[in-house]
Amino acid sequence: MDTGGMEFLSQIQEGQLYKYTNVVKGWQHRWFIVDPREGTLSYFLSENDTKQQPRGFIFLESAVVSPSDEDSNTFSVNSWNGECYKLRAVDARARQDWVNRLRAAAEYHSQKNVQKYSRTSCVYDFCPSGVKRSLANARQYLSQAENNFIDMARVIEKLPSQGPRLRNTDPDLLIIKATSQSMMCALENCYKILQHSSIEQPIIRTYSFLNSKQSSSTTHSKKKSHTNT
């Protein structure tokens, strides 16, 4: 690796960003760290918590980093398994800095793995492409449902609080809003369970396959050695 590559891998970027948590909590301050060497984007509740385990992280290999059309501060990081971080920087310049750094790390690790796989005759795809597409589609539908819920909540909140017509304090409307909110939280949790299962199970099957091949190879070697003896 050249000097420029080594310098890039040693430049860890960290700082505070807004993260869109869910429809209930909305935007929350979080402390983010981009580790080019590990190829990860992780986040913590605050800068003081960085010595602990991160609250969450995603691998940047094959990730898509996209500035948002909503404003000049928002951007998103979409990982290969469908997980998406919707983030907001303090200003447009800070957003561009984060986007550039994340894209550089994603490109580096994507090319690194392409080169690694091209040198071997056996490629183990831990997560089949069909599963990746399904997760991405599920994430898209979930995001659409979240946006629909936000629109509905805004319509209810804009209704008058008094008067003969429909009011924002109407019990039926409040029940609909609360039920929808609970449903969105449940769907988000279901998606996370599905996401972790889709990653863990292929890896377990792959390790089992590799172990069985190794055991078979060892047994074959022992039999061959015994025959020669």
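Which residue stands opposite F75 in β7? It's L87, and that pair is a handy way into this structure. A quick word on ground rules: this is a predicted model, where local features need pLDDT of at least 70, side-chain atom pairs count only at pLDDT 80 or more, and totals for chains, interfaces and linings use all residues. Residues are numbered from 1 along each chain as its sequence is written, and side-chain values use heavy atoms, with hydrogens and water left out.

**The sheet**

Strands here are DSSP runs of E with at least two residues, helices are runs of H or I with at least four residues, and both are numbered from the N terminus. Two strands count as paired if DSSP finds at least two bridges between them. Seen that way, there's an open sheet of 7 strands with antiparallel pairing, in the order β4-β3-β2-β1-β7-β6-β5. β4 (56-59) and β5 (64-67) stand at the edges with a single partner strand each, so one side of each has no neighbour in the sheet.

| Pair | Bridges | Residues standing opposite |
|---|---|---|
| β5 and β6 | 4 bridges | V65 and V77 |
| β6 and β7 | 5 bridges | F75 and L87 |
| β1 and β7 | 2 bridges | K19 and L87 |

β5 joins β6 (residues 74-78) through 6 residues, while β6 and β7 have 5 residues between them, with G82 in the turn showing a positive phi of about 95 degrees. F75 also turns up as the bridge partner of P67.

Now look at β7 (residues 84-88): Y85 and L87 are on its covered face, and C84, K86 and R88 are on the uncovered one.

**The cores**

In soluble globular proteins, nonpolar side chains tend to be buried together. A nonpolar core means a set of buried Ala, Val, Leu, Ile, Met, Phe, Trp, Tyr and Cys residues joined through side-chain atoms within 4.5 Å, where buried is under 20% relative accessible area with a 1.4 Å probe, protein chains only. The largest one has 20 residues, and L41, L60, F75 and V77 touch the most other members. β2 (26-35), β3 (40-44), β6, β7 and α2 (92-118) each give two or more residues to this core, and α2 gives the most, with 6.

What does L60 touch beyond its neighbours within four places in sequence? Its contacts (heavy atoms within 4.5 Å) include L41, V77, L102 and A105. A second, separate core of 5 residues includes L135, F149, M184 and Y191.

Conventions:
Buried < 20%, exposed > 50% of the residue type's maximum accessible area, 1.4 Å probe, protein only.
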